[in-house]
Amino acid sequence: MSRIGRNPITVPAGVTVAMADSVVTVKGPNGTMDRIIPDGITLSQEGDVLTVDRINDETMYRSLHGLTRTLVANMVTGVTTGWTKELEIIGVGYRAAAAGPDALDLALGFSHPVKFTAPAGITFEVPAPTRVIIKGADKEVVGQVAASIRKLRKPEPYKGKGVRYLGERVARKAGKAAK
């Protein structure tokens, strides 16, 4: 059996999990999330513990077992505490400024400032001009927004300038060798 799939999911107080047909709905203090569960995977709740089971040991169901458990656990975490990603901006003149709770103005060395608007459910915090915090309930969307902002100016290997995840290590290359 899947080592991840057999682990139970603890549902904290204030969170409700409902299963209708093949859609699981998780409601909590940070909002509501829905996800379609694949056929052959079932969810059962006993008190404050959720368990994910599969109908048999075919390869397809074995591969979906742990995935489904992790996705539902991420939904429960998202509606209780939420998810965050931090980006740091490195470079002379590179900076970020909040343009409301769901928009950013980025100066990334282009001839114009880049305006980035967040999708629904995502908020930005800019504690320093070189630091951006992305918050939201959906882990996938938070990660995608962080990747989209990083893609605007990836860290380059010679001087290390660009947008990177907090703590990301960029492999540096040597410049041109003088003769």
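The legends below describe close-up views of a predicted model. Residues are numbered from 1 along each chain as its sequence is written, and side-chain values use heavy atoms, with hydrogens and water left out. Because the model is predicted, local features need pLDDT of at least 70 and side-chain atom pairs count only at pLDDT 80 or more, while totals for chains, interfaces and linings use all residues.

**View 1**
Helices (H or I, at least four residues) and strands (E, at least two) are DSSP runs, numbered from the N terminus. Two strands pair if DSSP finds at least two bridges between them. An open sheet of 3 strands has the order S1-S6-S5, with antiparallel pairing. Its edges are strand S1 (9-10) and strand S5 (41-46); each has a single partner strand, so one side of each is left without a neighbour in the sheet. Between S5 and strand S6 (residues 49-54) there are 6 bridges in the antiparallel sense. Glutamate 46 is placed opposite valine 49 in S6. Helix H1 (residues 59-80) packs on this sheet and touches S1, S5 and S6; its direction makes about 160 degrees with that of S6. Contact means heavy atoms within 4.5 Å. Axes are lines fitted to C-alpha atoms, for helices over the stretch in contact, and angles run from 0 to 180 degrees between N-to-C directions.

**View 1. Arginine 62 in helix H1.**
Arginine 62 belongs to helix H1. With a relative accessible area of 45%, arginine 62 is partly exposed; buried means under 20% relative accessible area, exposed over 50%, and partly exposed in between (1.4 Å probe, protein chains only). Apart from neighbours within four places in sequence, arginine 62 is in contact with Arg54 and Asp57. Its C-alpha atom is separated by 39 Å from that of arginine 153, 91 residues apart along the chain.

The whole structure contains 1 cavity of 30 Å³ or more. On a 1 Å grid over the protein atoms alone, a cavity is a set of points where a 1.4 Å probe fits but cannot get out, and lining residues have an atom within 4 Å of a point. Grid points are joined across faces, edges and corners, and a volume is the space filled by probe spheres set on the points. The largest cavity holds about 50 Å³ of space. Its lining consists of Met33, Arg35, Leu71, Asn74, Met75, Asp138, Lys139 and Glu140. Two or more of these residues come from each of strand S4 (31-36), H1 and helix H2 (139-152), and H1 gives the largest share, 3 residues. The lining has 3 nonpolar, 1 polar and 4 charged residues, where Ala, Val, Leu, Ile, Met, Phe, Trp, Tyr, Cys and Pro count as nonpolar, Asp, Glu, Lys and Arg as charged, and the others, Gly among them, as polar.

**View 4**
Strand S8 (95-98) and strand S9 (residues 103-107) pair in the antiparallel sense over 4 bridges. Alanine 96 is opposite leucine 106 in S9. The hairpin of S8 and S9 has 4 residues between the strands, and glycine 100 there takes a positive phi near 100 degrees. Glycine 100 is partly exposed, at 37% relative accessibility. S9 also pairs with S10, in the antiparallel sense and over 4 bridges; lysine 115 in S10 is the bridge partner of aspartate 105. With 6 residues between the strands, the hairpin of S9 and S10 includes glycine 109, whose positive phi is near 90 degrees.

Strand S7 (residues 83-90) pairs with S13 in the antiparallel sense over 4 bridges, and leucine 87 is opposite tyrosine 165 in S13.

Notes
1 Å grid on protein atoms, 1.4 Å probe; cavity = no way out; pocket = protein on both sides within 12 Å on 5 of 7 lines; lining within 4 Å.
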